[in-house]
Amino acid sequence: MPALIRPQLAKEKIEGCHICTSVTPGEPQVFLGKDKAFTFDYVFDIDSRQDDIYMECTEKLIEGCFEGYNATVFAYGQTGAGKTYTMGTGFDVNITEEEHGIIPRAVKHLFRRIDERKRAALEQGLPAPDFKVNAQFLELYNEEVLDLFDTTRDIDAKNKKSNIKIHEDSTGGIYTVGVTTRNVASEAEVCVSPCVTGCFVLC
């Protein structure tokens, strides 16, 4: 499990907030204050870049999908911890490509590798492999699971309660019931919801 320390916000700098975390050089360890130490698989300090985080934590998971492995990237933290920025959506026109988070990078990576595999097969005179990508976008907000692909959600959001159920199967796998699933064939088809945060699952 990685730990990410986000930079201070402009408001925090103006208010004179102090940085209370420090990273042990050469070790995946974070100190909170002076005496509370926590060890993780990876630690990314304030000056870490989005592509560094992606390459260390997510790139191998996407490659593993082509070997038949499921992959889940889950961002956890309190409000304001930087989950939305780290996961990223790629929909903010003010964000440069270097600032894109895990979701847009993973989607681009996935479809690039699909195209490469199809092209390699054709160059070898083999039938192009068939890929099927299904997407679900969920958000956990105020202890309620929201379906971000549900086009009727915003119409009566105040009166509409989510009917999404999360279950565990006999092998310990997690699955959802009542969630919109879309078959997508390109990066552009995935990038349709401007409010995706927190979780990204490839099936």
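# Close-up views

**View 1. S22 stands opposite F31 in β3, within an open sheet of three strands that has the order β2-β3-β4.** The model shown is predicted, so local features are described only where pLDDT is at least 70 and side-chain atom pairs only at pLDDT 80 or more, while totals for chains, interfaces and linings use all residues. Residues are numbered from 1 along each chain as its sequence is written, and side-chain values use heavy atoms, with hydrogens and water left out. The pairing in this sheet is antiparallel, where strands (E, at least two residues) and helices (H or I, at least four) are DSSP runs numbered from the N terminus, and two strands pair if DSSP finds at least two bridges between them. Because β2 and β4 stand at the edges, each with a single partner strand, one side of each is left without a neighbour in the sheet. From one strand to the next, the twist averages 25°.

**View 2. β2 and β3 form a hairpin with five residues between them.** Strand β2, residues 21-23, runs antiparallel to β3 and is joined to it by three bridges. T21 stands opposite L32 in β3, and in the turn G26 has a positive phi of about 75°.

**View 3. β3 and β4 form a hairpin with three residues between them.** Strand β4, residues 36-39, pairs with β3 in the antiparallel sense over four bridges.

**View 4. The strands β10 and β11 form a hairpin with five residues between them.** β10 (residues 165-168) and β11 (residues 174-177) pair in the antiparallel sense over four bridges. The bridge partner of I166 is T176 in β11, and G172 takes a positive phi near 90° in this hairpin.

**View 5. Helix α2 packs with helix α5, residues 102-123.** Their axes lie 10 Å apart at an angle of about 60°, which means that α2 is oblique to α5. Axes are lines fitted to C-alpha atoms, for helices over the stretch in contact, and angles run from 0 to 180 degrees between N-to-C directions; those under 35 degrees count as roughly parallel, over 145 as roughly antiparallel, 65 to 115 as roughly perpendicular and the rest as oblique.

**View 6. The lining of the largest pocket includes residues from α2 (50-57) and β3 (29-32).** A pocket is an open set of points on a 1 Å grid where a 1.4 Å probe fits, with protein on both sides within 12 Å along at least five of seven lines, and its lining residues have an atom within 4 Å of a point. The pocket is lined by 47 residues, of which A3, L4, I5, R6 and A81 lie nearest its centre.
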